[in-house]
Amino acid sequence: MNQKAKIQKLHANKEYLQESPPYQNTVILENDAEASILYGSHDRHLRLVRDAFQVQLVARHGLLKLEGEKERVDTGKEVLNKLLEIVRSTGRLDLEDVEQAIIDAKNETTEESIQAIDVFQKGIFIKPKTDGQTKYLEAIKKNDLVFCIGPAGTGKTYLAVAMALSYLKSGRIRRIVLARPAVEAGEKLGYLPGDIRAKVNPYLRPLYDAIADMMDVGHVKKYLESDLIEILPLAYMRGRTLNDAFIILDEAQNCTVKQMKTFLTRLGMKSKVVVTGDITQVDLSAGEISGLIDVQERLMNINNISFVYLTKVDIIRHKLVQDIVDAYEL
């Protein structure tokens, strides 16, 4: 085929060469009054839907156009139509209604994308609530070392503990090791009563609480006594090599660079490590570099290591937690 024929063929099939436009869908509004209620003060409701499903929203002439990936756009439209039903039946729309509609929609989509995590508590299955959490769990499954960084309430520790218990229950690992740095955040260990175990226990309490949600009291006691589950301060990890284990380092933003290196080199054969933390809440002494901040540059491009970043969109605690995070970002 000569050059001229090639050019003619390309022009004849130019529709295949053009980039496909983004998928669009539309919500029809009856009047400005219901649009104002649906959008919320300063368009707050729309911003929540936009951020939750990562779609573009354009309001014009009684139409609300959604643009982006087909699945996200269609889900966003379903949420907006449900919210419109509330507006039309009650004449109002509360922030709680918007948040609950988003949560319900995300629960439906994540149930299809990832199987519920089977833990030890009978009848209890842990499921991701957001796209970010789903990506987090998928990263844990695919990689031996995962760093999860994000604000309070995004499920960083809780989901890691759930995965660890699932791995233990299925026999994929033989033990769980949970560690936290005992860094003083405004209080002094010396003023706490009791021996060193009693002094560090408050720092480890969140890990006990997560496990208690997924195992009955008898199991927790039995597994702790037999060291199938070990919860300890980070300082106690030095000099150990952990094989066939699921190892979690929580509050890792309070590790120094040296401590982070020491912890990561504990990784043994057939083990999996998850490191969680919030780099906006570092309690180290002034001038001390956080190991969680430093490690991102050092290990970002190494195979079998994944970095997952959760955001305020992934917060699943009380609805006020997201507002608090927003306030502190101002």
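**Chatting about a predicted model**

Visitor: Where's V282 found?
Guide: V282 sits in the loop between β10 (272–277) and α12 (291–299). Helices (H or I, at least four residues) and strands (E, at least two) are DSSP runs numbered from the N terminus. By the way, this is a predicted model: local features need pLDDT of at least 70, side-chain atom pairs count only at pLDDT 80 or more, and totals for chains, interfaces and linings use all residues. Residues are numbered from 1 along each chain as its sequence is written, and side-chain values use heavy atoms, leaving out hydrogens and water.

Visitor: OK, new topic. Which residues of α3 are buried?
Guide: In α3 (residues 32–39), they're E34, A35, L38 and Y39. Buried means under 20% relative accessible area, exposed over 50%, and partly exposed in between (1.4 Å probe, protein chains only).

Visitor: Why do they line one face?
Guide: Seen down the axis of α3, they fall within an arc of 130 degrees, so they line one face of the helix. That arc is taken from the directions from the helix axis to the C-beta atoms.

Visitor: And what's on the face turned away?
Guide: The exposed residues D32 and A33.

Visitor: What comes after α3?
Guide: G40, with a positive phi near 85 degrees.

Visitor: How many salt bridges are there?
Guide: The structure holds 13, each being a side-chain nitrogen of Lys or Arg within 4 Å of a carboxyl oxygen of Asp or Glu. One of them joins D294 and R298 (2.5 Å, N to O).

Visitor: How far apart in α12 are those two?
Guide: D294 and R298 are 4 residues apart, about one helical turn. R298 is exposed, at 56% relative accessible area.
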